[in-house]
Amino acid sequence: MKIVISDDYQDCVRQLDAFEALRGHEVTVYHDTLTDMDSLVERFHSADALVLIRERTPITAALLERLPNLKVISQTGGGAAHVDLDACRRHGITVMTGRGSPYAAAELTWGLILSAMRHLPEEVENLKAGRWQRTLGTGLKGRTLGIFGYGKIGSLVARYGRAFEMDVLVWGREGTRARALEAGLAVAESQHDLFQRADVLSLHLRLNADTQGIVTSEHLACMKPSALLVNTSRAPLIEPGALVNALESGKPGRAAVDVFESEPTCDDPLLTLPNCVATPHLGYVEKDSYELYFGDAFGNLVAFINGEPVDNLAA
């Protein structure tokens, strides 16, 4: 079978243990992301199967119309919102998903919190340039950690906060609030209350029609000037342009982000701000996570090729 794997930025997929599952198949791996339709068609035209790395390349109805050979899409991770599932069904294309893991994203979130609160990126550059101790960081003990969305990742970050002796405050849907109370955590009175009280506020929501733009300029404006906003979930959770404007006005005083409106990017306005620590969507980009994600994706694909039952069919 002709298999195409797109968007392998680090050229690491062939080095994974999981890659052995595709031995004997014709596998082509690309390391960049294309947005031009004609270029995508040329790249995918001969593929019987696509293996997608998370949401790096959207699979639209217009693209599927021009891929007559495509039979199956195997998705890394559990989400397939970037794939037009209705169009896949119309074309008889099977879409399979796998499992996700919250640990790598939660660990990166905590790394960003520590980096931003203690000005670590800035001080690393200062030291390399011969400048000694130019900033005064802020500790975490006794401060309030706001968690917006108490799912698998949010609950892990809350546990990390408690280990650092922070006061954890949660907000989200009714189920989120109930789970937080069961875990012995405090629940905010409202979304505004969460934003007003948090010294560190971390977003852990799924992006959908209900959550897109759920964080507005008004919410950001009521944060403390000393507060840190962290987003390792999805950029469109925040109203377009609102975070840049908020950071320029000083409320909140700092941000740490791993996600952007357009990815990959090197020219997002957030990257120009001295009070923003940014990483290039590294939340799930970690060896153990990749072995899990690709192990599922390749295992599902081999099962499909062999005519065996496949769990987690999306279409």
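Visitor: Which strands does helix H7 lie across?
Guide: This is a predicted model. In it, H7 (residues 174–182) lies across S7 and S8. H7 runs at about 155 degrees to S7.

Visitor: And H6, what angle does that make to S6?
Guide: About 175 degrees. Helix H6 covers residues 152–163 and lies across strand S6 (144–148) and strand S7 (167–171).

Visitor: What's the strand order in the open sheet?
Guide: S8-S7-S6-S9-S10-S11-S12. That is seven strands, with parallel pairing.

Visitor: Which strands stand at the edges?
Guide: S8 (186–187) and S12 (276–278). Each has a single partner strand, so one side of each is left without a neighbour in the sheet.

Visitor: How many bridges join S10 to S11?
Guide: Four. S10 is residues 228–231, S11 is residues 254–257, and the two run parallel. Asn-231 stands opposite Val-257 in S11.

Visitor: Switching topic. Which residues of H1 are buried?
Guide: Leu-40, Val-41, Arg-43 and Phe-44, in a helix spanning residues 37–44.

Visitor: Why do they line one face of the helix?
Guide: Look down the axis of H1. The buried residues fall within an arc of 165 degrees, so they line one face.

Visitor: What do they pack against?
Guide: Strand S1 (2–5), strand S3 (49–52) and helix H2 (61–64).

Visitor: Last one. What does a side-chain oxygen of Asp-36 reach at the start of H1?
Guide: The backbone nitrogen of Asp-38. The Asp-36 oxygen comes to within 3.3 Å of that nitrogen.

Definitions and conventions
Residues are numbered from 1 along each chain as its sequence is written. This is a predicted model: local features need pLDDT of at least 70, side-chain atom pairs count only at pLDDT 80 or more; totals for chains, interfaces and linings use all residues. Side-chain values use heavy atoms; hydrogens and water are left out. Two strands pair if DSSP finds at least two bridges between them. Contact means heavy atoms within 4.5 Å. Axes are lines fitted to C-alpha atoms, for helices over the stretch in contact, and angles run from 0 to 180 degrees between N-to-C directions. Buried means under 20% relative accessible area, exposed over 50%, partly exposed in between (1.4 Å probe, protein chains only). The arc is that of the directions from the helix axis to the C-beta atoms. A polar contact is a pair of N or O atoms within 3.5 Å; within protein, one must be able to donate a hydrogen and the other to accept it, and residues adjacent in sequence count only if both atoms are side-chain atoms.
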